[in-house]
Amino acid sequence: RRAPLASVIGLLASALNVLAEVMLLPSLILAFFAAELTPSYPLIGLVPALAASMWTVARVPAHLLAIRPARQQQWAFASALVRAGAIGVLGFAAMRTSPSVLLQSGRPLLLTFFLCLIVYTVAGGLGSVPAAALVRDAITPEQRGDFSLRRVLTSLAASLLGALLAARLLGAGSPAFPGNYGRLFLVVAIFLVVLAVLTVLQRPLPGMATQRPTFAPRTLLRPLADGRYLRYLVFRLLLATTAAVDPFLFLYAVIRLGIPASSIGIFILAGVLGWVVSTPLWIWLERKAQPRTVLQAAAVLRLIAPALALLLPQVLTVEQVQSRFGSNAPTITFAIGFFAIGAALAALARSGPAYLAPLAPRHLSASYSALTSGLLALAAFAPVAGGLIIQRFSYEALFVATILVGLAGVLSSGWLAEVIVTTRQPQPVTLSPAVEGTS
């Protein structure tokens with residue numbers, strides 16, 4: 001009886017975690033929240049940068065915590081509770097702030113937002129490793145294959161549900177800002193409280209603790225001597241840099257093209273649908289043509305959003321486009337861009353670890369993963385540079401720069417070495433659950 005119960009609890013916990021992360025997408029939902037409080041573009045870009053980098057950095061001590069199975073449940077529970085508290089405080093602060101107060105100064109709420117974001121992100125990174133280990137150790141080895149498949153399907157369904165909830169809470173008919181975001185944050189806090197309760201109910205099976213790869217700091221730079229890894233690293237860093245445009249796409253659509261802010265739900269749904277719909281395609285393509293082909297497809301998809309944003313003002317002047325789509329043309333076009341971003345992130349989350357696993361020698365796999373994660377955490381600050389480009393030059397300058405970097409990524413994907421994928425489990429190389437998807 002215990003094994004099926006542990007499976008159900010694990011699935012529910014994973015679904016709630018995905019729900020929370022989708023409803024707090026840093027590059028869209030949280031970035032636009034900050035944009036309503038400050039005119040500083042670099043500060044807006046700092047939102048997804050902090051979310052990605054601090055989550056990754058917090059995972060370093062988390063791996064040490066996971067070494068002691070007896071403490072896994074405690075740390076996973078504390079993580080969910082602290083995240084619920086942080087986002088709950090932000091929700092109450094947003095609900096209690098009147099729109100008239102923001103006309104005078106949004107600085108107090110902005111400071112509260114960044115403080116809560118840091119606490120939430122660090123707690124999430126610290127708890128991610130013990131929580132994953134707790135779920136894994138509660139399932140027998142014979143059931144892990146079926147459980148993994150069910151968890152993928154459950155997470156995809158939870159992603160869609162989270163997108164629909166966010167669209168409803170922030171869409172037309174919702175309270176004025178910041179009350180609409182306050183409701184959203186409080187709903188997420190409730191989900192995280194339930195997640196904490198489910199964490200208490202999880203129990204690892206005796207003797208089921210799996211051996212984690214050990215990491216020796218002195219071997220951290222050893223992967224740099226591998227030419228194949230260097231080519232992969234250059235490719236990943238170029239693709240990570242193209243994320244500089246992500247938090248400003250919706251802002252550009254609202255400011256320059258007149259798309260209503262209440263339509264943010266359409267773009268949330270488009271991004272999540274891009275992830276969900278493309279995932280079976282990437283699984284099939286990876287099996288037929290290896291992870292290298294999926295990574296190349298991700299590089300091409302990354303060009304679509306900035307290219308559409310750059311060309312859209314000219315396209316809207318075409319009479320045929322105006323007559324066919326009318327005032328919905330900007331919304332439809334940007335939805336396609338967000339769909340492409342979601343599909344590209346799904347491809348990276350699927351095939352990035354799958355490509356790196358056979359590339360790294362078994363005794364250095366932890367070093368390959370740690371070095372990649374660390375450098376990607378630095379590249380996560382690309383949106384700050386993107387904000388500086390907008391502030392100094394223009395949106396169009398950022399779009400052109402992103403396209404050029406994306407083209408360099410496409411070219412570098414042709415230099416990726418062919419690897420032979422084995423049954424060995426890849427070590428995940430993730431930025432954040434919202435960016436590369438536990439999500």
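This note sets out, in numbered points, the main features of the structure shown above.

1. Basis of the model. The model is predicted: local features need pLDDT of at least 70 and side-chain atom pairs count only at pLDDT 80 or more, while totals for chains, interfaces and linings use all residues. Residues are numbered from 1 along each chain as its sequence is written, and side-chain values use heavy atoms, with hydrogens and water left out.

2. Overall architecture. The protein chain contains 18 helices and zero strands. Helices (H or I, at least four residues) and strands (E, at least two) are DSSP runs, numbered from the N terminus. Of the 439 residues in the chain, 54% are buried. Here, buried means under 20% relative accessible area, exposed means over 50%, and partly exposed lies in between (1.4 Å probe, protein chains only). Among contacts with a separation of 6 or more, 87% involve residues 24 or more positions apart; a contact means heavy atoms within 4.5 Å.

3. Surface. The protein chain exposes about 19300 Å², of which carbon and sulfur atoms supply 68%. Accessible areas come from the Shrake-Rupley method with a 1.4 Å probe, and for residues only the protein chains shown count as cover. Phe77, Leu81 and Val200 make a nonpolar surface patch of about 220 Å². Patches consist of residues with over 30% relative accessible area and no salt bridge, with like charges joined within 9 Å and nonpolar side chains (Val, Leu, Ile, Met, Phe, Trp, Tyr) within 5 Å. Leu81 belongs to helix H4 (residues 72-96) and is classed as partly exposed because its relative accessibility is 42%.

4. Six salt bridges are found in a search of the whole structure; the term denotes a side-chain nitrogen of Lys or Arg within 4 Å of a carboxyl oxygen of Asp or Glu. Side chains of opposite charge can pair when their charged atoms come close. In one of the six, the side chains of Glu21 and Arg83 meet at 2.9 Å, N to O. This pair links distant parts of the chain, with Glu21 in helix H1 (residues 2-22) and Arg83 in helix H4, 62 residues apart. Glu21 is buried, at 8% relative accessible area, and Arg83 is buried as well, at 5%.

5. Salt bridge between Glu396 and Arg256. The closest N and O atoms of this salt bridge are 3.0 Å apart. The two residues join distant parts of the chain: Glu396 lies in helix H17 (residues 395-413) and Arg256 in helix H10 (residues 246-257), 140 residues apart. Glu396 is partly exposed, at 27% relative accessibility, and Arg256 is partly exposed, with a relative accessible area of 43%.

6. Salt bridge between Asp226 and Arg228. For this salt bridge the closest N and O atoms are 3.9 Å apart. Asp226 counts as buried, at 15% relative accessibility, whereas Arg228 is partly exposed, at 32% relative accessible area.

7. Surroundings of Arg350. Arg350 is placed in helix H14 (residues 329-359) and counts as partly exposed, at 33% relative accessibility. Leaving aside residues up to four places away in sequence, Arg350 touches Trp282, Ile283 and Glu286. The side chains of Arg350 and Glu286 are joined by a polar contact of 3.4 Å. A polar contact is a pair of N or O atoms within 3.5 Å; within protein, one must be able to donate a hydrogen and the other to accept it, and residues adjacent in sequence count only if both atoms are side-chain atoms. The C-alpha atoms of Arg350 and Val294 are separated by 8.5 Å, the residues being 56 apart along the chain.
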